[in-house]
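Please open the model in your viewer and get your selection tool ready. We will go from one selection to the next, and at each stop I will say what is there.

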Amino acid sequence: MSFPVYLIGARGCGKTTVGKLLARQLSYQFCDTDQQLQQHLDQSIAEFVAQHGWETFRQQEHQALLTVTSDNTVVATGGGIVLRDDNRQHMRQSGAVIWLSVDHQVLASRLTADPEMEQRPTLTGRPITEEIYEVLQQRLPLYQQAAHHCIDANQPPEKVVIDILTALSRDSLTA
Ligand code: ADP
Ligand code: MG
């Protein structure tokens, strides 16, 4: 196995945290589309969205996804990467797509405890718990469509990594 492994899922599901651990286990590189974007844009995502709007941000995010796509790489994506059909197709065709599925209550408690929360723009301006629930409901079918595997990511990061490795090794046995 050498193809890219994409981690998808809601903000706060652990794509960055789990992605770094997974990359170490696989001896892969780790890339994060959000980090790639912030470097490329030379400003935070919140600032960019405030200035240019979500549509322009999604175009930039698409380019970032193409830029970081490479063999032997774990790619942590932004929570909204699945909104574009071309992103979903690109990921499915070029690698293994892993959905880190987390209950909305767990997401809310992680995000309110996360010191980097202010870096993340709210999508609607509504209270964070309501927003998480609604955004998740809208995106669930897209995560499902895009993913080759759904992993229970309510568990500790180390256990999530083990479950991903198990799913990937099952793939290579049946490939
Ligand atoms: P994402 O990249 O999907 O937005 P992060 O990896 O940045 O998510 O994680 C968001 C917050 O949740 C961080 O504070 C992180 O430490 C915490 N976190 C991530 N994964 C887990 C996990 N499996 N269990 C408990 N806390 C986690
Ligand atoms: Mg992240």
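**Around the ligand**

Select Gln 155: one of its backbone N or O atoms lies 2.8 Å from a nitrogen atom of ligand 1, a polar contact (a pair of N or O atoms within 3.5 Å). This is a predicted model, in which local features need pLDDT of at least 70 and side-chain atom pairs pLDDT 80 or more, while totals for chains, interfaces and linings use all residues. Residues are numbered from 1 along each chain as written, chains are lettered from A and ligands numbered from 1 in the order written, and side-chain values use heavy atoms, without hydrogens and water.

Next, pick Thr 17, where a polar side-chain atom lies 2.5 Å from an oxygen atom of ligand 1. Then try Pro 157, with a backbone N or O atom 3.5 Å from a ligand nitrogen atom. The protein covers 75% of the 560 Å² of accessible area (Shrake-Rupley method, 1.4 Å probe) that ligand 1 has on its own.

Switch to cartoon view and find the open sheet of 5 strands, ordered 2-3-1-4-5 with parallel pairing; strands pair if DSSP finds at least two bridges between them. At its edges are strand 2 (29-32) and strand 5 (149-152), each pairing on one side only. For a last stop, select Cys 31, whose bridge partner in strand 3 is Val 75.

Key. Polar contact = N/O pair within 3.5 Å; in protein donor to acceptor, adjacent residues only side chain to side chain. Helix = DSSP H or I, 4+ residues; strand = E, 2+ residues; numbered from the N terminus.
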